Amino acid sequence: MNEALRWTATAEGAAAPHEADRDATAGAGAANPPVRACILVVDDNADMRECLTRVLSPSFDVTVAEDRQAALDLVNAERSFELVLTDVMMPRLGGFGLLRALREDPRTRPMPVLLLSARAGEEASVEGLEAGADDHLIKPFAARELIARTRSALELARMRNEVAARRALELHLQQAIQARDEFLSIASHELRTPLTPLRLQVGALAQQADAVAKDASASAWLHKRLDKVRRNTERLTRLVDELLELSRVVSGRIPITLEDVDLAAVVRVVVRHFEDIGAVAESGSDVRVHLPGPVEGRWDALRLEQVVANLLSNALKYGTATPIDISLESDGRLASLIISDGGIGIPEDAHERIFERFERAAAARHYGGFGVGLYVARRILEQLGGTIRVKSAPGAGATFTATLPVAGPSPAGCAGESETVSGLH
Ligand code: ADP
């Protein structure tokens, strides 16, 4: 009787080799994994190698090696094994040596290793597991048990790999987001630097235009060009400010400085600014302001300027040449700012999404923008304890309603710190 037959036959309740074949084949039909795993069986005993191959090959792709070195050569050459099943008691360092070598190499470290040994008792198992084995089987064992343990070690390893891959992806994404935000911050600061002198120079040139022009028509010509330069510089400034603001907003809470604010005054400042820079004239829209008198609350004036400016610049952009109405309401507890236009409108399925970062609902080739204005507006309003919503249909204009509690945010909703914010001027 050869050695493999001896160990299987002596086991109480263990399968003889021919029974093992039947077990394995029966199990293979129903529960076989969709892709057969490649496993490496390492044993110095030829009979044992043959026996293990017969037991395992109905369920797995089995390759055999007769010692540690042959096993390592195969692993290094093929690198496609998903599990190693090795006898512990082999000459020249044996199974533990193989296990150690596999664990030392980062490429093979995650590969599950099952140890087989004739040594019974807890000690041998503990020794094997402490050395980094995934499981330890003591001979004799049933063929069914060997297959089941091999399967569960493979399954565990697959789950571990999936978790590790997901973690690596998350880390990669986090790093990519951080790199993007850093870039955004640096780029917007850099872009803003030349804009300030450019705006000043245009202003100075406009002041001197009449003096340098030869006649009235040359002066008009100069003014017209300078006005265009000024308008485009303002537009560029607004875009850069939006980027700059976004880079601040994504890195945490928006700093809010609570103060007594008259929302009606904020609206007037913003509308006048858009008129001054020629944006209202350029849009061809009629901006109608309906203010009931002062609407006061505990808010942040500069931040509210940003909100009104974002909403008004959208109305001018998407509601070109249509009437734009801005009104305020207050019931003493809640104040509402309502801005409506008669422009292109927004499809229903985009009503929520447009308040998210980089989300846009209009065709990029017709309308410029980064898709951050409404995101920043919503974040500011939320930090002031308020909300924003839109009512709109395609082709029927859009109405944005921002609501703010007059008493300001509840204490938990306010950052309370102050920071220099880019205002409108
Ligand atoms: P953008 O820079 O693209 O204007 P916003 O965050 O301000 O970014 O707006 C997000 C999207 O919401 C816009 O791209 C546009 O599709 C839509 N939108 C915003 N305001 C209006 C409006 N008044 N009319 C129609 N669509 C609008």
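Modeller: Strand β11 has two faces. Ile-388, Val-390 and Ser-392 make up the covered one. Thr-387, Arg-389 and Lys-391 make up the uncovered one. In a regular strand, side chains alternate between the two faces of the sheet. Buried here means under 20% relative accessible area, exposed means over 50%, and partly exposed lies in between, with a 1.4 Å probe and protein chains only. Strands are DSSP runs of E with at least two residues, helices are runs of H or I with at least four, and both are numbered from the N terminus.

A word on the basis. This is a predicted model, so local features need pLDDT of at least 70 and side-chain atom pairs count only at pLDDT 80 or more, while totals for chains, interfaces and linings use all residues. Residues are numbered from 1 along each chain as its sequence is written, and side-chain values use heavy atoms, with hydrogens and water left out.

Now the partner. β11 pairs with β12 in the antiparallel sense, over six bridges. Two strands count as paired if DSSP finds at least two bridges between them. Ser-392, on the covered face of β11, stands opposite Ala-398 in β12. The hairpin of these two strands has five residues between them. In that hairpin, Gly-395 takes a positive phi near 80 degrees.

Next, the sheet. Five strands form an open sheet in the order β7-β9-β10-β12-β11, with mixed pairing. β11 is an edge strand, and so is β7 (286–290): each pairs on one side only. Direction ignored, neighbouring strands are turned by 15 degrees against each other on average. Axes are lines fitted to C-alpha atoms, for helices over the stretch in contact, and angles run from 0 to 180 degrees between N-to-C directions.

What lies beyond β12? Strand β10 (residues 334–341) pairs with β12 in the antiparallel sense, over eight bridges. Within that pairing, Leu-337 has Ala-402 of β12 as its bridge partner. Strands of a sheet pair through backbone hydrogen bonds, either parallel or antiparallel.

Helices come next. Helix α10 (residues 263–276) lies across β7, β9 (323–330), β10 and β12. It runs at about 165 degrees to β9. Contact means heavy atoms within 4.5 Å.

Which elements cover the buried residues of α13? β11 (387–392) and β12 (398–405) are among them, and so are α9 (216–250) and α12 (301–318). Helix α13 spans residues 373–383 and is mostly covered: ten of its eleven residues are buried. Among the buried ones are Gly-373, Leu-374, Tyr-375, Val-376 and Ala-377. An α-helix has 3.6 residues a turn, so residues three or four places apart point the same way. Just after α13, Gly-385 takes a positive phi of about 85 degrees.

Five strands form an open sheet in the order β2-β1-β3-β4-β5, and its pairing is parallel. Its edge strands are β2 (61–65) and β5 (135–138). Its twist averages 20 degrees from one strand to the next.
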